[in-house]
Amino acid sequence: MMSWQEFTVGCSAAARRRAPVEGTADQSGLAVPPVVFRAINASAACLIFAVSTLFPTAVSAAEDCSALEGETIRWIVPYSAGGGYDTYSRLIEPVLERHLGAEIAVVNMPGAGGMVGVKSIRAQKPDGKTLGFINASGLLVAQLSDQDGVPSVTEDFSVLARVTRDQNVWLVNAESDIRVNEAGAFVGGSEPLLFGVTGVGSGDWFTITIAKALLKLNADFLAGYDGSKEAVLGLVRGEFDIMDVSWGSAIAPIENGELKPVLQVTGAPISDHPSLEGVPVVGGPDGAARRRAVAMGEDPEVTVGLMDALVEILQAGRIVVAPAGLPEQFRACLEDRVHLALNDPEFIAAAEKARRPLDTGRGQDAAQRLSAAEALLPDLRALIEGSE
């Protein structure tokens with residue numbers, strides 16, 4: 001049995017290996033003073049040393065993915081290079097490499113509205129060597145379709161983190177006269193309004209299909225864009241009238257003077273950005289959906305309830321996933337490392353510089369919200385079927 005002197009020496013050595021981090025925050029988000037943190041850090045190191053010594057089979061979750069050190073991890077982006085998902089991924093790459101001690105290879109796999117890349121992630125071995133950054137809201141909405149093989153966001157993946165919640169806007173060309181009037185109707189453009197989408201059956205297609213049913217909007221689609229970057233360029237070129245896109249992807253073309261927002265696909269204003277002044281929200285007690293329902297003699301409460309369900313699904317967010325079936329300790333370790341990377345000052349500063357909003361969350365918390373959003377899908381299915 002280990003002597004007390006041996007334990008003391010081992011504990012002190014473990015504490016020295018766990019160097020304090022200045023300015024570290026606790027779970028409440030408040031900074032822990034360096035001296036206090038140093039004491040906590042040393043105590044935690046002693047506890048870990050004691051457990052690992054007395055119970056050799058008990059392994060800390062933080063040490064359970066050390067097998068990835070020195071390995072190459074494929075990070076699949078289901079959209080083309082240059083878009084929002086690709087930008088976030090390139091920002092995360094160097095920081096996560098440092099936290100995992102592995103090389104991250106970002107692989108763009110566009111096609112079928114993101115389904116090619118999503119299905120590729122699902123098909124890989126749950127060994128931690130394949131991760132991905134996917135559109136949870138788009139995948140949830142795609143489950144409304146009748147197509148076979150649409151992955152379940154909660155059953156086919158291990159959710160490791162949420163990077164941000166999507167808040168969408170509808171954009172038109174900066175020279176367009178299209179706008180939403182006080183009665184919630186689109187005016188100033190020819191009919192039908194032509195929407196550019198990544199594909200029939202894609203997330204943006206379903207979003208627009210549901211919204212146009214609730215807003216009584218005469219609309220058609222131009223499909224085939226690989227991602228938001230290509231669709232934005234198509235709108236700038238005048239290939240179609242209007243598009244649905246996340247606010248993070250909309251900021252640059254808006255500030256460049258190329259495009260402008262006409263509708264916030266939310267229940268409350270996204271931000272105080274000057275371009276959003278006077279731009280109506282679609283959901284909520286005084287949104288465009290309610291005003292349109294009143295003008296058309298529809299039940300406003302039913303309309304608002306359905307529109308708010310759509311908004312909740314759209315805000316399910318952009319999530320980091322691995323294939324389903326990861327061993328629990330391995331999954332917990334990956335979740336910890338991704339969480340550390342997303343809250344690393346280097347990543348936060350890079351995202352701010354790139355004008356990419358963040359609303360991060362741990363994997364298990366994000367998975368619970370996704371399950372709740374998935375439960376809302378049946379409420380919207382009838383709208384899809386009625387518009388076909």
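Arg369 is partly exposed, at 40% relative accessibility. In this predicted model, Arg369 pairs with Glu312 in a salt bridge, one of 17 that the structure holds.

**Salt bridge Arg369–Glu312**
- The closest N and O atoms of Arg369 and Glu312 are 3.4 Å apart.
- This pair links distant parts of the chain, with Arg369 in helix α13 (residues 363-374) and Glu312 in helix α10 (residues 300-314), 57 residues apart.
- Glu312 has a relative accessible area of 32% and is partly exposed.

- The side chains of Arg362 and Glu335 form a salt bridge at 3.1 Å, N to O.
- Arg362 lies in strand β13 (residues 361-362) and Glu335 in helix α11 (residues 328-342), 27 residues apart.
- Glu335 is buried, at 3% relative accessible area, whereas Arg362 is partly exposed, at 28%.
- Glu328, Arg331, Glu335, Asp336 and Arg362 belong to one network of salt bridges that share partners.

**Salt bridge Arg237–Glu239**
- Arg237 and Glu239 meet through their side chains at 2.7 Å, N to O.
- Arg237 counts as exposed, with 54% relative accessibility, while Glu239 is partly exposed, with 33%.

**Second largest pocket**
- The volume of the second largest pocket is about 560 Å³.
- Its lining comprises 42 residues, and Tyr79, Asn135, Thr198, Gly203 and Asp204 lie nearest the centre.
- Elements that give two or more residues to this lining include α3 (84-100), β3 (130-135), α6 (203-215) and β10 (242-246).
- Helix α5 gives the most, with 5 residues.
- By class, the lining has 21 polar, 15 nonpolar and 6 charged residues.

Notes
Residues are numbered from 1 along each chain as its sequence is written. This is a predicted model: local features need pLDDT of at least 70, side-chain atom pairs count only at pLDDT 80 or more; totals for chains, interfaces and linings use all residues. Side-chain values use heavy atoms; hydrogens and water are left out. On a 1 Å grid over the protein atoms alone, a cavity is a set of points where a 1.4 Å probe fits but cannot get out, and a pocket is an open set with protein on both sides within 12 Å along at least five of seven lines; lining residues have an atom within 4 Å of a point. Grid points are joined across faces, edges and corners, and a volume is the space filled by probe spheres set on the points. Helices (H or I, at least four residues) and strands (E, at least two) are DSSP runs, numbered from the N terminus. Ala, Val, Leu, Ile, Met, Phe, Trp, Tyr, Cys and Pro count as nonpolar, Asp, Glu, Lys and Arg as charged, and the others, Gly among them, as polar. A salt bridge is a side-chain nitrogen of Lys or Arg within 4 Å of a carboxyl oxygen of Asp or Glu. Buried means under 20% relative accessible area, exposed over 50%, partly exposed in between (1.4 Å probe, protein chains only).
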